[in-house]
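Have a look at the picture first, and then we'll go through it piece by piece.

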Amino acid sequence: MYQGIRISGFGGQGVISAGVLLAQAGMMEGKEVSFFPSYGAEMRGGTANCSVVVASDEVSTPIVSTPDTAIVLNEPSLVKFEPTVRPGGLLIVNSSLVNSKPTRTDIKVLYVPCNQVAGELGNGKVMNMVALGAFAAATGAISVDAIARALPKVYKKLKPEVIELNVKALRRGAEFKLN
Amino acid sequence: MAEKKLMKGNEALAEGAVRAGCRFFAGYPITPQNEIPEYMSWRLPQAGGAFVQSESEVSAINMVYGAAATGVRCMTSSSSPGMSLKQEGISYAAGADLPIFIGNVMRGGPGLGNIAGAQGDYWQATRGGGHGDYRSFVMAPNGVSEMANFPHKCYEVSFKYRIPSMVLADGIIGQMMEPVEFTNPEIDPKTLVEPDWALGTNKDRAKRIVKSYDLREGYLEVMVNERVKRYKQIEASETMYEEKMMDDAEIAIVAYGTSARVSVAAMKLAREKGLKVGLFRPITLWPFPKARLVELSKRIKKFLVVEMSLGQMVEDVQLSLNGRSEVHLHAKPGASVMTADEVYKTMDAIVKKGAKEYAAVK
């Protein structure tokens, strides 16, 4: 089993946090994992992306150049990462912010209105968790429960009610299914 | 088994140093190694040590020179352009036989280059880098766990042989996160015996001097030759390497750090297609595992060196083999990472065409 993931969006959307969380969850499930961030001149409002690998065997390179799944949280990310997805792979599109439609026909596309769902839950910040929930349900690479268990490990200072809200967002995201 | 922790390579290196007894760090910020000083800034005070963000790389290396002269386990870290600035201090530490420990998380060069991971400082690290005849003990980690556990070995060698030591990583190893397990016992520096050359305030003992010069005629030669004896001991007893699938290999990839990880994937790809490929990974870059390469050359006639540089370690492989086997090169300069597929294609071409050299310079 090998799942290479690329998550991309604006700085401040929780791209890096989501990636670290996935790696932590994978590790807690006993899998081999790696996480690699884009780094340097990143800032709120700029672009950020990261690579995550969850696998049954040792991870060779932590940089995912042809992802099995790309999660794009904003418009520029779609332009940048749609062409990189492995044929037959999955593209998760944050349809709240991405207006364009992917053009490739050799990949699966899952539209998730992450911001809208997060807004309904009362906190727009959990939009990255909505995307992760959708990823977990669509790929089965990591369970929603594992991600939920990883939350307090990665974010030790989060209050229980905030953790709970994040878990809710994960579960709402998991309700989105591929057609 | 201890619980595995998800850590960044840079943080693991810092924590590994503290657990190995480091109690003084001086450094100046530079990407992609900033997590090291950041981590040390809170971790060292917690451990009863001291952290200094210096005004420059030059002052940092000289602070570390001073700390090491008192026998303290100390550290400085930087990335390529900053390492260039430290070279004078490293040469002085080598000349004064001081056990300083250095982390270099390499980025693109020459000059200011860029902030992505690269392997262009191999020559600088293994050839001395500063002026004069000297060596540093250089270890090349291939992941976060080795970042965590190599400082222990570096301090051990540094103090035993009185030589600067270095962990030579690249930006990818520094920035990536992986599960980590600290495998070495934690060292409380209070339990360490004070070296018999260390400076201090004790007035009841013979005078001790730490210096890197001797102006009396013929004396410097004696000093250097005494050091060379230690270098020979290190070469004989501290050389480290790892081999993967080498038993039936007909071609051996030689690679370190991130290049070695990509090479593992390339090796698996090649094995699936029927090429008998193995991996030879130098763990110490100095001392370089020459003797083992010579032994391997008795049955392996083709070596492929894979590097994120124009080709630097390839010269050590050539020097070691001295014409005994073919040496090919897959070079990737400019702070970019080769893909497993590219490396596989190079191997395939070597087998099919027997061509001498493949530089993937575009």
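## Where the chains meet

In this predicted model, 18 residues of chain B are in contact with 16 residues of chain A; two residues are in contact if their C-beta atoms, placed from the backbone, lie within 7 Å. Which parts of chain B each supply at least two residues of the side that touches chain A? They are helix 7 (171-175), strand 8 (177-180) and helix 9 (257-272), and helix 9 of chain B gives the largest share, 4 residues. Helices (H or I, at least four residues) and strands (E, at least two) are DSSP runs, numbered from the N terminus.

From the chain A side, Y39(A) touches T31(B), P32(B) and Q175(B), leaving aside residues up to four places away in sequence. You'll find Y39(A) in the loop between strand 2 (32-37) and strand 3 (47-55) of chain A. Is Y39(A) buried or partly exposed? With 18 other C-beta atoms within 10 Å, Y39(A) is partly exposed (20 or more would be buried, 12 or fewer exposed, and partly exposed is in between, with C-beta atoms placed from the backbone).

## Chain B as a whole

Chain B has 12 helices and 15 strands. Its radius of gyration is 21 Å, close to the 21 Å that the globule rule gives for 362 residues, so chain B is as compact as a globular protein of that length. That radius is taken over C-alpha atoms, and the rule is 2.2 Å times the number of residues to the power 0.38. Of the 362 residues of chain B, 54% count as buried.

## Two helices side by side

Helix 1 (residues 9-19) and helix 2 (residues 35-46) of chain B pack at an angle of about 40°, with their axes 8 Å apart. Among the residues that meet here are L13(B) and V18(B) in helix 1 of chain B, and I36(B) and L44(B) in helix 2 of chain B.

## Reading the names

Residues are numbered from 1 along each chain as its sequence is written, while chains are lettered from A and ligands numbered from 1 in the order in which they are written. Because this is a predicted model, local features need pLDDT of at least 70 and side-chain atom pairs count only at pLDDT 80 or more, while totals for chains, interfaces and linings use all residues.

Methods:
Axes fitted to C-alpha atoms, helices over the stretch in contact; angles between N-to-C directions.
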